[in-house]
Amino acid sequence: MPKYVIEREIEGAGQLSEDDLQGISQRSCDVLGQLGPQVQWLESYVTDNKVFCVYIAPDETLIRKHGELGDFPIKAIHEVKTMIDPTTAE
């Protein structure tokens, strides 16, 4: 199944409290429960003003639906074509 990186612009994301992040995560999981097992949230990276989320889904449609239902902004969705890491150099 394809993997996607979702770019979200959220002003002050890096300053969100643990309680804020927990609430956002709970809302995301609730929406994912409504959408079913075809879309999965793997992890997210929080920077100063952006959040980069990694999802597995059959296509962008369910990712966009998740964003709409959860009121999560989407600046861009990028399909991961391949992954590399230091072992790729060997």
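Reader: At its relative accessibility, does lysine 81 count as buried or exposed?
Author: This is a predicted model, where local features need pLDDT of at least 70, side-chain atom pairs count only at pLDDT 80 or more, and totals for chains, interfaces and linings use all residues. Residues are numbered from 1 along each chain as its sequence is written, and side-chain values use heavy atoms, leaving out hydrogens and water. Buried means under 20% relative accessible area, exposed over 50%, and partly exposed in between (1.4 Å probe, protein chains only). Lysine 81 has 70% relative accessibility, so it counts as exposed.

Reader: Which side chain does lysine 81 meet in a salt bridge?
Author: A salt bridge is a side-chain nitrogen of Lys or Arg within 4 Å of a carboxyl oxygen of Asp or Glu. Here the N to O distance is 3.6 Å. Lysine 81 meets glutamate 79.

Reader: How many residues apart are lysine 50 and glutamate 7?
Author: Their side chains meet in a salt bridge at 2.5 Å, N to O. Lysine 50 sits in strand β3 and glutamate 7 in strand β1; strands (E, at least two residues) and helices (H or I, at least four) are DSSP runs, numbered from the N terminus. The pair links distant parts of the chain, and the separation is 43 residues.

Reader: Which residues do salt bridges that share partners join into one network?
Author: Lysine 75 and glutamate 9 also meet in a salt bridge, at 3.4 Å. Lysine 75 lies in the loop between α2 and β4 and glutamate 9 in strand β1, so this pair ties together parts 66 residues apart in sequence. The network joins Glu7, Glu9, Lys50 and Lys75.

Reader: What is the nearest side chain of opposite charge to arginine 8?
Author: Arginine 8 is in strand β1. It is buried yet has no salt bridge. Lys and Arg count as positive and Asp and Glu as negative, while His and the chain ends are not counted. At 9.4 Å away, the nearest is aspartate 71.

Reader: Within what arc do the buried residues of α1 fall?
Author: The buried residues of this helix (residues 18–35) are Ser28, Val31, Leu32 and Leu35. Seen down the axis, they line one face, because their arc, taken from the directions from the helix axis to the C-beta atoms, is 105 degrees.

Reader: Which elements do the buried residues of α1 pack against?
Author: Contact means heavy atoms within 4.5 Å. On the other side of α1, Glu18, Asp19, Asp30, Gly33 and Gln34 are exposed. The buried residues pack against β2, β3 and α2.

How values were computed
Expected span 1.5 Å × (residues − 1).
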